[in-house]
Amino acid sequence: MRVLTFALSLSLPLSLAAQTQPAPPKSEVVQYRATSDNVKYVFGVAPPVARLHPGSILEANSLDCFGNAIKKPGDTLALTKGDNPLTGPFFIDGAEPGDTLVVHILDLQVDSNQGIGAFAPGFGALNETNYTPMLHSPLPEKIWFYPIDHASNTATFQALDSNYKVKIPLHPFLGCIGVAPANGEARSSIVPAEFGGNMDAPEVSAGNTLYLPVNVSGALFYFGDGHAAMGEGEIAGTAIEVPMKARLQFDLVKGKHTNWPRFENEKEIMAAGIYRPVDDAVRIAFTELVAWIHADYGLSELDAYELLSEVGKIHLTEMVDPNYVVIASVEKKYLPNKTKK
């Protein structure tokens, strides 16, 4: 386990990695089981369900966004207790405001043989909502069931109004992942913001590393809202919603604070922009990426800005929540070697 912890720490930007607290000699594994009786529905300060150290590995599960309440045709959304039940919070020893929490996503496994998609009145990108009122009636509640074939790693879409079927490749990721917000706030599990939250970002998948700001003592980490697959924008309001088994490892960067969630893997660095309107979310994401390149790769801010104009990428992860989420990215092959600090 020493080798694994060391290898994962190399994925940190150099200026962050240099400050990461060393992991214990042998990585501790903490197991936790989430149920409908112990999940939460807000990101905020709450008694922790377990404590972890930098270097610890968490093996835990999450319920689907409906709390596993929708099981068969005829079930309705009225059976759900709330949206996006969260597993946690987990207290990370040594984490204090001003630090950065590093989450290595080691493995995610769909914990069900079916997924669920739905839309509800007042929710969705093409539906009447509180933010986009219209004179026509809201679209009616609809629920789709997606059989999951673990052997072929696919889910099957079955149209409700015809016999059409099509298989969809699985890409498991966590729609909700984050920490307690700053300033004593408690934010609904449907909200994405600076603390992470309901980002619905496919980047929260195995092999990627996520950086989150620490706003309170212990960080108070939560996750949930497993997705088997999702289209760009999550336009109807849901992905293929599933329970999930997660294996996560934590590191801690002392004295360095990230303003917004960031992601990294061997090939790319990525920054989240989370706000409304969507153009402001884009500006946040690219501003964060410019700052990251300047701080860790040595380019001036204006050179980084110009370079991103030529090789940067961006995609919309969702446009249905109270804030929209975009991810800006750049491949590392276009960047200079990291500066040594």
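Tutor: A residue counts as buried when its relative accessible area is under 20%, and as exposed when that area is over 50%. The model is predicted, and the part taken here is strand β5, residues 86-92. Seven of the seven residues of β5 are buried, so by that cut-off the strand is mostly covered.

Strand pairing comes next. Strand β3, residues 50-52, runs parallel to β5 and is joined to it by three bridges. One of the pairings sets alanine 50 against phenylalanine 90 of β5. Strand β16, residues 221-227, is also joined to β5 by three bridges, but these two strands run antiparallel. Here leucine 86 has glycine 224 of β16 as its bridge partner.

Phenylalanine 90 also takes part in an aromatic pair. The whole structure holds eight such pairs. In one of them, the ring centres of tyrosine 32 and phenylalanine 90 are 5.6 Å apart and the planes stand at 90°, which makes the pair edge-to-face. Because tyrosine 32 belongs to strand β1 (residues 29-32) and phenylalanine 90 to β5, the contact ties together parts 58 residues apart in sequence. Both residues are buried: phenylalanine 90 has a relative accessible area of 0%, and tyrosine 32 has 17%, which is under the 20% cut-off.

Tyrosine 222 and phenylalanine 43 form an edge-to-face pair, with 5.4 Å between the centres and 70° between the planes. Phenylalanine 43 lies in strand β2 (residues 42-43) and tyrosine 222 in β16, so this pair ties together parts that are 179 residues apart in sequence. Phenylalanine 43 is buried at a relative accessible area of 0%, and tyrosine 222 is buried at 1%.

Phenylalanine 91 is involved in a contact of another kind: the charged end of arginine 51 sits over its ring, 4.1 Å from the centre. A contact of this kind also involves arginine 276, whose charged end lies over the ring of tyrosine 131 at 4.0 Å from the centre.

Finally, the nonpolar cores. The largest has 58 residues, and among the members that touch the most others are Phe221 and Phe223, along with Leu101 and Ile177.

Conventions: Residues numbered from 1 in each chain as written. Predicted model: local features only at pLDDT ≥ 70, side-chain atom pairs only at ≥ 80, totals over all residues. Heavy atoms only, no water. Buried < 20%, exposed > 50% of the residue type's maximum accessible area, 1.4 Å probe, protein only. Helix = DSSP H or I, 4+ residues; strand = E, 2+ residues; numbered from the N terminus. Pairing = 2+ DSSP bridges. Core = buried A, V, L, I, M, F, W, Y, C linked by side-chain atoms within 4.5 Å. Phe/Tyr/Trp six-rings, centres within 6.5 Å; stacked < 30°, edge-to-face > 60°. Lys NZ or Arg CZ within 6 Å of the ring centre and 35° of its normal.
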